[in-house]
Amino acid sequence: MINSSSDNVKKLNSINRRMFITGSLKFFIMIGIVSRLFFLQVKENKKYLTLSDKNRIREWKLAPVRGEFHDYFGNVIAGNFEAYQLHVIPEQVENFKYVIYRLKDLLELSDTEFKKVLKRKKEIKPWETLIVSNNLSWDKFSKINNHLYDLNGVKPVISISRNYPFNDNFTHIIGYVSQANEQDIENTELIKKNFVPGLKVGKIGLEKSFEEKLIGTNDIERYEVNAYGRRISQLEFQKGKKGKTLKLTVDTEIQKLANELLQDKAGSICVMDIFTGEVIAMHSSPSFDPNLFVFGISQDNWQLIRNDPMKPLLNKTLQGKYSPGSTLKPIVALSALENGIINTSFTVRCTGKTEMYDQTYHCWKKEGHGYVSLRNAMKMSCDTYFYEIARKLGVDKLSETAKKFGLGKKVFDNLFEIEKDGLIPNTQWKKNTLGKGWLLGETIITGIGQGYIQTTPIQLCLMTAQIANGGHKIYPKIIIDDEDKLKPRDYYTPLYKNSKNIKIIQDAMFGSTNEVMGTSYRSRIDNPKYQFAGKTGTAQVKKITERERELDLKTSEIPYEQRDHALYIAYGPYVNPRYALSIVVEHGGNGSTTAAPMAKKLFKLIIDRHEIRQSINDKKYLEI
Amino acid sequence: MYQHTRLTNNNSTFFQKFRNFDYILLICILLLGFISLATMYSTDGGKILFHTKSHFTKLMIFTMMMLFISFINIKFWFSVGYLSYIVVVGLLVWTYFFGITSSGSKRWMNLYFINLQPSELMKIFIILCLAKYFHRMKLENVNSVYTILTSLIIILLPMGLVIVQPDLGTSVLIAVSGIAVLWFAGINHKYFIYTMLGFVISLPFVIAFLKPYQKLRVLTFLNPDKDPLGAGYQIIQSKIAVGSGGIFGKGFLKGTQSYLEFLPEKHTDFIFTLFSEEFGFVGSVVLLVIYIIIIYRIVAIGANSRSYFAKLFCYGFGAAIFVFITINMSMVLGLLPIVGSPLPIMSYGGSSMLATMIGFGIVMSAKVHNQQLIA
């Protein structure tokens, strides 16, 4: 024994004392750990449970189904179709390289398309879906289906996408959809909320204006995912709502005819119900196929549309600002009558030209019309007569009447963001914007719709409609909106001082179309069922020089950009009128030879379609 | 040389020894083994896969080994105290030169059936060595400069060898094991207090010398939300797992944090997190109680041993195990920075289990031979 017993006792005392201290220390540390556990697991449990769910549950939104557009008769003009797509989940493919090259062959992908697919593959996780092709033709789709046996991991998928069955017919009304970009997401709260990659949103037209009604709500899939984002199991599927379907006032048949009439021409046709303000047709030419934009337009197609000299991207009905030319004459005459400047017996002698304020003003007819009264001046569109009454009337009174009838301001308010105001000048306007005093000579050319004055085709149509309905205020509309039953209070309020004056103008327009010497006599329809009244217009795009006046060239001999615009406004049937229209053909030459014949064809169809349209109306009332 | 090391020199028969077993300790160890197996089964996603199988095999072999050690006279363990220490230091040196490098640190040596981590063994054998060192020492000599220097060298040598691996966590735990023995041996408590003060004061300087990843761990501990997907990820996910467990847990095999792989290192250092998520506060406390009983039994065996060596070993080992457990739990509960420290028996890892089982074996041997005097 090395240790003495007394030392042993001391050592034992020491170690036992220290064991006691250690034991107490252990006790307190254990208390600490248990309270920490209690704090995390009992007290803060809810917080951590939420965090744990946040970890493991992820939502996937699916693109919502977009609301459709229907025409007045319920035909789908912007709908959804099942797009045949090809998806690959790279992780599920044994030999990705082989499969992707096989697909390249089968789908005949171009090198740039192929590179795009490979690039996208690099950007996604291996278990995410790679869209190889988003809109396959049925041929290729079935070809792939036949080769599926050696394309492991390739999934043919049917997905819902936008479709415009009438191609270029409605482009300028409803616009088109395309992939949402950052701007779309930022500007519209609802797009942000419903956004999923590949979501298509309206870019222009009604598709854009009614985005919030059309977009619908997402389907939502809830999945349990692991730490790397891989889906483990589906927890929930929440069906979304399809967007609202919007019904238009437009008649597809008439719209198609309008498109046909303006084929290979630049211009616009619009047709309107003169009582309800419903737009029956509204077409701007040339148009383009909105389907091209749905999956992203190719560079070639885009350049083709963008560089077309006839400017298909421009909505001429709403954006095109034209001098109204002689189509303004009914308003000038009306204004003169209303203001008591003239009466029906007021006569002017037309010699082909007239000297006023040291300037020569020419009538379109070199040899002159002789003595003309109001009715004949309208009928034959005598410029000299209108120079004279414009001079007597003054531009301010004229602009007042023109504005009353809807010229110079947006017809659809804010429905189309691209719509232009046009311009109805007066002395105040010139002073404010140009800082110069109004010249009397400017009043004179305003009298035949030239000079500063600019109107859009839809404004001319509205003006015609309001003359046709006896001079009552209407509000044009293109969407049949159930919520919008309340019409503005001044609906049908008279725009005239004396209704006789409107009658005089209507009668003069009747003469212009249906009587010998009338400018659109050759386009008349004698059958009273279809008979219409109208007014031609020819708008100069540049000042005619004396030399050109002497040459008296035919339209075809003038370079395209210098040719006059051809215009025509009309309403019909003359007895119990119902519809008004305006036609503008850019650089079409002469209103009576180019634009008026179109009206003849249009009225035939419009009147024929009237009864069918009425029967739809009756049905609507029955349902109520 | 030492006659009493001969195994045949026993006073009691095999059956007497068997009766002398500490059954409470044994049952608790087996219970812990069973719980660890079940948890491992859960980390494998409810299937018997690699980790479960391997853990089971190790558990079987090492439990057998522990029982075998129990039958060897405590005198034998006394006699090999220095030798085993020197052997493990040798292994550490070997590892330094020929070890296997994995995730940036050279900790393992390749034996053909197991990758051994000698630093884990050192946690136990340093206790054995120091217990032997202080066994014969008179109390008045304990606080002599010579003794203190010698014991410090005994501690610092393996610490240094482990730090260069680099493995700060294990080297700290080795130090803790050694210091625990010094404490029970009766070294003046002033030294402990001064050392502690010195450590606290020098802490900022120590941090300045830390490796960047270690510094990051400390900073992350102080503010885990600063970089939730990077350095703070482990501790945040670990807290979420524990916290979402609630009172009764999410249920066996239903720990979403673990089976959806949000938990890092769930087999090893973070095994308690998974257990706690699935069995909740109640389960965690039950597990803690099992550990407390084990530690209590170790201390009780020490108290009932006649030899000072056995006492010193048991107290030292009990304190060390306690520290291992608390450091691991504090770490996963966000009370301490992340240092690599396994939870004894529960964590996957052969070396740690081997060392712990050897420790249990020696304790059990002390119980079986509690009347044994060591000269």
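How many helices and strands does chain A have? Chain A has 24 helices and 20 strands; helices (H or I, at least four residues) and strands (E, at least two) are DSSP runs, numbered from the N terminus.

Before going on, some ground rules. This is a predicted model, in which local features need pLDDT of at least 70 and side-chain atom pairs count only at pLDDT 80 or more, while totals for chains, interfaces and linings use all residues. Residues are numbered from 1 along each chain as its sequence is written, and chains are lettered from A and ligands numbered from 1 in the order in which they are written.

Chain B comes to 16 helices and three strands. On burial, 42% of the 624 residues of chain A count as buried, and for the 375 residues of chain B the figure is 50%. Buried here means 20 or more other C-beta atoms within 10 Å of the residue's own; exposed means 12 or fewer, and partly exposed is in between, with C-beta atoms placed from the backbone.

Contact means that the C-beta atoms of two residues, placed from the backbone, lie within 7 Å. In chain A, 73% of the contacts with a separation of 6 or more are between residues 24 or more positions apart. In chain B, 71% of contacts between residues at least 6 apart in sequence join residues at least 24 apart.

Now the interface. 35 residues of chain A are in contact with 37 residues of chain B. On the chain A side, helix H1 (5-43) and helix H2 (45-56) each supply at least two residues. The largest share, 19 residues, comes from H1(A). By class, that side has 18 nonpolar, eight polar and nine charged residues. Nonpolar covers Ala, Val, Leu, Ile, Met, Phe, Trp, Tyr, Cys and Pro; charged covers Asp, Glu, Lys and Arg; the others, Gly among them, are polar.

Next, the sheet in chain B. Three strands form an open antiparallel sheet in the order E1-E2-E3, where pairing requires that DSSP finds at least two bridges between two strands. E1 (100-102) and E3 (115-116) of chain B are the edge strands, each pairing on one side only. Three bridges join E1(B) to E2 (residues 105-110) of chain B, and the bridge partner of B:Ser102 in E2(B) is B:Ser105.

Last, helix H22 (residues 499-514) of chain A. Its buried residues include A:Ile504, A:Ile505 and A:Phe510. The buried residues of H22(A) pack against helices H15, H16 and H21 and strands E18 and E19 of chain A.
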